[in-house]
Amino acid sequence: MKTDRPAAVIERLSAFLNTPLDTLMQQRLAADSRQHALQLFKKTAANVPAYRQFLQDQGTDPDRIADFEDFAMLPLMDKANYMQKYPLPARCQGGQLSACDRLAVSSGSTGISTFWPRAMTDELDIALRFEQVFRHSFRADRSDTLAVVCFPLGNWVGGVFTTSCCWHLAQKGYPLTVATPGNKPDEILRVVRELGPYFEQTVLLGYPPFVKDVIDAGSAQGIDWPIYKIKFVFAGEVYSEEWRSLMLQRVGSTAPCHDSASLYGTADGGVLGNETPLSVAIRRWLAEHPAVARELFGESRLPTLVQYDPCSRYFELIDGATLAVTGDNGVPLIRYHIADRGGLISHADLLAFLKTRGLPALKDEGFPLPFVWVFGRADFTVSFYGANIYPENVVVGLEQAELTPWVSGKFVMEVKNDRDGAEFLAVAVELLPRVAADTDTEAAIAASIRNQLLRLNSEFANYVPPAKQMPRIELRPFGDPDYFPVGVKHRYTRRNAT
């Protein structure tokens, strides 16, 4: 028996349940996040066998790490040099897997499942991110709310983690009831139909393309989405502001900055940051001002932009391009190189930057937390005449209002060669159910994608010859097994096609 565990759980849980969000966040804003990260390092070096061995293998003496300048010189850990090198129990506190009371799995790019242990108390920090969204975006502290978890359940990290955090909010006193149909569209629609009328609002939490399929399927079945006052929590993929507008339009929302929020999370680190009404308003303005967005982000695509709590997850920018994070968890992370492309900026610096470029004054109802931005996976791009073509650019072309009655929003882009060996940009596009392909639709889609690429992607506009800028469109039926198999995480690119 671990006789000390009940007291530790009660202390942590009591602090979360009995302390208002504003008070908790004010305490964190007053704390020194760098010292917090340094103290976590010292605790991990003392109590986690794998991390002590990692430091020894890297030639680092933990006793010589005295201040944050020393901390910033610690070796970066990553999946290859740490997660895959040292046994799972050795990566946990005290070298004991039983220090964690739950396990989840994720499937990486290799398709091999990875186990991620954590304790219930590890979820409380993450529950604060959900609390920010449910309170400041959805006003769920004052409205009876049905939360419908649409992520895969079982052992999969997204659904289980989301469900636990929503339960914690209900236990804190939020008038929140959690339904867990998982990624089963028919069951989700049944939950909404039968339970939604008993609540003032319904929140759907899931992977963006999947939730869109649910909304489209419900509309086809005659569901009147606006009567349920739908809100969205998304995770797992970057999406455009046109896509957000489309989704909110289909459920009758007129408050884009308050009715949806995206979470930035990883299986190993949990939820690292979340959209706020302020970050959504900024991102929507940047979507209308692509030159300012390129100046800020350094790329011709719009990243996810979220705010984060540096006392929960401390970010560093590595070589000016990729992110590392420090945070406590079932497996503590110290300068863990998640290798996501992105950037960091303080709350004050971002607002000052945007003010000088014409952003109107915005009402900030949240906390003055710093911002992190994250691009989609770099390996989802294709190179065409030396221009990097991003899915984030193409998707905007498909999400124009005149096209949304025809297409689902899913596509696969490839660079192919014709019979003469000349390259062309090919885009396979999924049609909505019961929509038939025709040449007029193909032409309209091609023109829309080209126009948005020219507007958003300066490389495309300058590198690709005008005669090659029009993509070739191939319309595919909904759920096409070759390009859009149902139930499989979608990939937006194919390479080495001939």
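Since the model is predicted, local features need pLDDT of at least 70 and side-chain atom pairs count only at pLDDT 80 or more, while totals for chains, interfaces and linings use all residues. Residues are numbered from 1 along each chain as its sequence is written, and side-chain values use heavy atoms, with hydrogens and water left out.

Let's start with the sheet. Helices (H or I, at least four residues) and strands (E, at least two) are DSSP runs, numbered from the N terminus. Strands count as paired if DSSP finds at least two bridges between them. Here, 3 strands form an open sheet in the order S16-S17-S18, with mixed pairing. Strand S16 (407–417) and strand S18 (472–476) sit at the edges with a single partner strand each, so one side of each has no neighbour in the sheet. On average, neighbouring strands are turned by 25 degrees against each other, direction ignored; axes are lines fitted to C-alpha atoms, for helices over the stretch in contact, and angles run from 0 to 180 degrees between N-to-C directions. Strand S17 (residues 423–431) pairs with S18 in the parallel sense over 5 bridges. Helix H15 (residues 391–398) packs on this sheet and touches S16 and S17, its direction making about 130 degrees with that of S16.

Next, serine 253, in the loop between helix H11 (241–250) and strand S7 (260–266). Leaving aside neighbours within four places in sequence, serine 253 is in contact (heavy atoms within 4.5 Å) with Leu248 and Asp259.

Buried means under 20% relative accessible area, exposed over 50%, and partly exposed in between (1.4 Å probe, protein chains only).

| Residue | Relative accessible area | Class |
|---|---|---|
| Serine 253 | 16% | buried |
| Arginine 139 | 24% | partly exposed |
| Lysine 229 | 46% | partly exposed |

Arginine 139 has a positive phi near 55 degrees, though not a glycine, and sits in the loop between helix H7 (122–137) and strand S3 (145–149). Lysine 229, also not a glycine, has a positive phi of about 50 degrees; its loop runs between helix H10 (208–220) and strand S6 (230–235).
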